[in-house]
Amino acid sequence: MPAKDLDQIVNLCKRRGYVFPSAEIYGGFRSTYDYGPLGAMMLRNVKDAWVRSVVQQRDDVVLIDAAILAPPAVFEASGHLANFTDPLVDCTVCKHRFRADQLDQRDCPLKDYAKCSFTEARAFNLMFKTHAGPVADEAAECYLRPETAQGMFTNFANVLQATRKKPPFGIAQVGKSFRNEITPGNFIFRTREFEQMELEYFVPPAEAERWYEYWIAERLRWYVELGIPESMLRVRAHAPDELSHYSAGTSDLEFAFPWGWGELEGIANRTNYDLTQHARHSGERLDYFDQATGERYVPYVIEPAAGATRAMMAFLLAAYDEDIVAGETRVVLHLHPRLAPYKVAVLPLSKKEPLTALAKQLYRRLADRYMCDYDDTQSIGRRYRRQDEIGTPLCVTVDFDSLEDEAVTIRDRDTTDQVRVPIEELVEQVSARLGW
Ligand code: ATP
């Protein structure tokens, strides 16, 4: 059973070092989180799994890494300065500010929502503004990007020229984005600093609808392959009055969070809006000349835009389980091996030589290929529980017999089955079980 209660995951994350509240020693900073030793590795694995699927396993997508700071001109052209707003209302009773389209009783500091009295909604721009350089005047104003997408549009001509790609082709990017959310919350679901994984896939206009459908299916497959049950996912097409001004169609991939369905990723047909806007504002040509047909056109763009931090939360929730092993309840994270922070834990039965020398040697052999843990504290049963709870797929136990028979035990997290394998075959056996 996946986690039903958000607190199960929040507590596990804190206890085991996945996610910590930021600046906790100073009382916390509600809108951001820090990724601990396990969380930092898992978040990296989520992003790597995305790059593997969207860039590495294809021949039509390239990766870039654009700057987080950007001048106002970019967001003037993209429409963010005018339109990237949420409706804000003030409550004259509890003095709290709410997002008018997502009024949530849990946000009321007095917990007395019925008495709240709201002002008229006004547009609140979600971008963080700062200054570049030593003089904080208007000319130095710049913004932290609220999405990674604009870096792909402003570099469209650079990438085209450098790579000689032709539509259909994509530019992908993974990185931090910042939004001054009115009501951050639900753990790492909505934070003011977060990470995104976005693809801008440029296509001939006539093919846009087909690629839009293709990317919805493709992205859904990615979550399922990495372990989220299909029953916890759904595709929700936006109603016409819900569509962004640039969109000819948007579908959200939603996940069954403990409080209900929530967006994991949006897939939009953004038409030629972005390239047209940036061409108009910059005076640069942002189109494609097809030598085969002699036609010049502005490509349409299909954008699958996912949150890396939000996806990590969904993977954790879906992987969480409590079962009974040897009469005791155990907590286990059934994380896909690609996402698990550690792939293998090497556990010597005793802290004494010569067992530890052999265990260390095997650890080094495995760590050359995989992120591994080494643990020689406490009883073996407790060490298995600990690895189960942090989602390590395999444990390799080195015991006194290992010194004689040159074999070790591999224990599987999900089945708890144990098999004895010759040390000589260990790396191969681990590789066969992990799947790479
Ligand atoms: P929402 O309606 O929830 O505010 P959105 O539709 O504005 O989200 P997009 O602009 O489509 O979100 O962003 C793409 C993805 O980036 C989202 O599906 C989500 O996974 C992630 N994301 C957006 N805002 C946040 C945030 N504040 N914290 C964490 N992840 C976010």
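## The whole chain

Colour by secondary structure to begin: the chain holds 13 helices and 24 strands, where helices (H or I, at least four residues) and strands (E, at least two) are DSSP runs numbered from the N terminus. What you are looking at is a predicted model, in which local features need pLDDT of at least 70 and side-chain atom pairs count only at pLDDT 80 or more, while totals for chains, interfaces and linings use all residues. Residues are numbered from 1 along each chain as its sequence is written.

Zoom out, and the C-alpha trace spans about 75 × 65 × 50 Å along its principal axes. Of the 436 residues, 36% count as buried. Here a residue is buried if 20 or more other C-beta atoms lie within 10 Å of its own, exposed if 12 or fewer, and partly exposed in between, with C-beta atoms placed from the backbone. Among contacts between residues at least 6 apart in sequence, 65% join residues at least 24 apart; two residues are in contact if their C-beta atoms, placed from the backbone, lie within 7 Å.

## Colour the domains

Next, give each domain its own colour: domain 1 is 6-78 + 126-316, domain 2 is 85-125 and domain 3 is 342-434. These bounds come from an automatic or database domain assignment.

Start with domains 1 and 2, whose C-alpha centres lie 28 Å apart. Their contact takes four residues from domain 1 and 11 residues from domain 2. On the domain 1 side, three of the touching residues are nonpolar, one is polar and none is charged. For these classes, Ala, Val, Leu, Ile, Met, Phe, Trp, Tyr, Cys and Pro count as nonpolar, Asp, Glu, Lys and Arg as charged, and the others, Gly among them, as polar.

In soluble globular proteins, nonpolar side chains tend to be buried together.

Now centre on Val346. Leaving aside neighbours within four places in sequence, Val346 is in contact with Ala359, Leu362, Tyr363, Leu366, Cys372, Tyr374, Val396 and Val398.

## Around the ligand

Show the ligand with its shell of 16 residues; the closest are Phe194, Gly266, Ala305, Gly307 and Arg310. To find your way around, highlight β11 (193-203), β14 (260-269), β17 (300-307) and α9 (308-319), each of which supplies at least two residues of the shell. Strand β14 gives the most, with four residues. Coloured by class, the shell divides into four nonpolar, five polar and seven charged residues.

## Backbone details in the loops

Go to the loop between α6 (156-163) and β10 (169-178), where Pro168 is found. A cis peptide bond joins Pro167 and Pro168, with omega about 0 degrees. That loop is also the place of Arg164, which has a positive phi of about 60 degrees although it is not a glycine. Is Arg164 buried or exposed? Arg164 is exposed, with 8 other C-beta atoms within 10 Å.

Then jump to the loop between β20 (344-348) and α10 (355-367), where Pro354 lies. Glu353 and Pro354 are joined by a cis peptide bond, with omega about 0 degrees.

Finish at β22 (residues 394-398), which is joined to β23 by four bridges and runs antiparallel to it; two strands pair if DSSP finds at least two bridges between them. Five bridges join β23 to β24, again antiparallel. Click on Thr409: its bridge partners are Thr397 and, in β24, Arg420.

β23 and β24 form a hairpin with five residues between them, and Thr416 in the turn has a positive phi of about 60 degrees. With 15 C-beta neighbours inside 10 Å, Thr416 counts as partly exposed.

Terms used. A residue is near a molecule or strand if its C-beta atom, placed from the backbone, lies within 6 Å of it.
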